[in-house]
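The sequence and the structure come next.

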Amino acid sequence: MNLPNSMTLSRIAVVPLLIWLLSASSPLHGHAQEWVASLLFIAASVTDGLDGYLARKRGQITTMGMLLDPLADKLLVTSAYIVLVAFDPGVVKPWIAVIVIGREFLVSGLRTIAANEGFTIDASEIGKLKTVIQIVSVVACIFDRGYSEWTFGPGSNLLGGNGPGWFMLPVHWIAVAAIYWMTVVSIISAVDYFAAFWSKVDSTAKHARAAKVLSRRGVVGPGL
């Protein structure tokens with residue numbers, strides 16, 4: 001047990017707490033429920049990149065960390081979208097949650113097969129973009145239930161007022177745009193992972209076929 005692994009475990013521990021906060025049995029109500037749940041999700045998401053960075057910097061990469069880190073990521077993301085289907089049904093549709101969860105299963109399966117074949121699939125820039133958009137979409141959808149918009153300045157609704165303020169941030173439309181953008185990027189990311197996987201598998205298969213041909217000809221290695 002070390003600091004990076006402790007951070008990973010804390011991310012797993014956040015999952016049931018997040019589900020509880022966004023459920024009908026939540027002890028918090030109104031805007032307090034949205035703010036606490038959002039801050040909790042953001043804090044958990046920050047540990048996603050931080051635990052890996054600390055593990056590499058401190059030389060504390062462990063087998064447990066390699067196992068738990070992707071598991072924690074997928075639990076946090078999939079549970080957030082599942083609970084948002086009930087928490088904000090106007091924006092998060094069931095089919096969106098299915099696509100997100102299906103994408104996570106696909107990538108996990110491809111990485112497992114790749115590991116068995118002796119190679120790895122590195123995270124692409126599209127995958128990193130998808131992670132950022134997921135955080136934005138989840139937070140926006142949490143706030144969308146209580147705020148259709150945020151106003152800033154005199155009469156700000158963030159301060160309990162009801163005036164127009166100086167500036168208006170359309171929370172609802174940000175949530176809608178973020179959730180559908182996330183869905184599109186998730187599909188593109190899945191296709192990108194599959195293309196990278198297929199090219200690696202195809203290359204490995206060609207080398208294996210070439211090795212078999214050489215072995216049949218009696219050329220199996222130096223000195224043989």
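Which residues form a nonpolar patch on the surface, and with how much accessible area together? In this predicted model, the patch is made up of Trp35, Leu39, Ile42, Val46, Leu50 and Tyr53, and together these residues have about 550 Å² of accessible area. Leu39 belongs to helix H2 and is exposed, with a relative accessibility of 54%. Trp35, another member of the patch, is partly exposed at 33%.

**Overall make-up**

The protein has 6 helices and 2 strands. In sequence order these elements give the pattern α-α-α-α-α-β-β-α. The chain counts 224 residues, of which 38% are buried. Among contacts with a separation of 6 or more, 71% are between residues 24 or more positions apart. The accessible surface amounts to about 12500 Å², and carbon and sulfur atoms account for 70% of this area.

**Aromatic rings**

The whole structure holds 8 aromatic pairs. One of them joins Trp35 and Trp150, whose ring centres are 5.8 Å apart; the planes meet at 5 degrees, so this pair is stacked. Planes under 30 degrees apart count as stacked. Trp35 is part of helix H2 (residues 31-57), whereas Trp150 is part of strand S1 (residues 150-152), so the pair ties together parts of the chain that are 115 residues apart in sequence. Trp150 is buried because its relative accessibility is 14%, and buried means under 20%.

A further stacked pair consists of Phe194 and Trp198, with 6.2 Å from centre to centre and 20 degrees between the planes. Here both residues lie in helix H6 (residues 171-216), 4 residues apart, which is about one turn of the helix. Phe194 is partly exposed at 40% relative accessibility, while Trp198 is exposed at 52%.

The table lists the geometry of these two pairs.

| Pair | Centre to centre | Angle between planes | Class |
|---|---|---|---|
| Trp35 and Trp150 | 5.8 Å | 5 degrees | stacked |
| Phe194 and Trp198 | 6.2 Å | 20 degrees | stacked |

Trp35 and Trp150 also belong to a cluster linked by ring pairs, together with Phe143 and Tyr147.

Another ring, that of Phe87, has a charge over it: the charged end of Arg145 sits 4.4 Å from the ring centre.

**Two residues of helix H4**

Is Glu104 buried or exposed? Glu104, in helix H4, has a relative accessibility of 7% and therefore counts as buried. Which residues does Glu104 contact, leaving aside its neighbours within four places in sequence? With those neighbours set aside, Glu104 is in contact with Lys74, Thr78, Lys130 and Gln134.

Ile113 is also found in helix H4, which spans residues 94-117. Its relative accessible area is 40%, so Ile113 is partly exposed. The C-alpha atom of Ile113 is 9.4 Å from that of Val201, although the two residues are 88 residues apart along the chain.

Technical notes
Residues are numbered from 1 along each chain as its sequence is written. This is a predicted model: local features need pLDDT of at least 70, side-chain atom pairs count only at pLDDT 80 or more; totals for chains, interfaces and linings use all residues. Side-chain values use heavy atoms; hydrogens and water are left out. Buried means under 20% relative accessible area, exposed over 50%, partly exposed in between (1.4 Å probe, protein chains only). Rings of Phe, Tyr and Trp (its six-membered ring) pair if their centres lie within 6.5 Å; planes under 30 degrees apart count as stacked, over 60 as edge-to-face and the rest as tilted. A charge sits over a ring if NZ of Lys or CZ of Arg is within 6 Å of the ring centre and within 35 degrees of the ring normal. Patches are made of residues with over 30% relative accessible area and no salt bridge: like charges are joined within 9 Å, nonpolar side chains (Val, Leu, Ile, Met, Phe, Trp, Tyr) within 5 Å. Accessible areas come from the Shrake-Rupley method with a 1.4 Å probe; for residues, only the protein chains shown count as cover. A salt bridge is a side-chain nitrogen of Lys or Arg within 4 Å of a carboxyl oxygen of Asp or Glu. Contact means heavy atoms within 4.5 Å.
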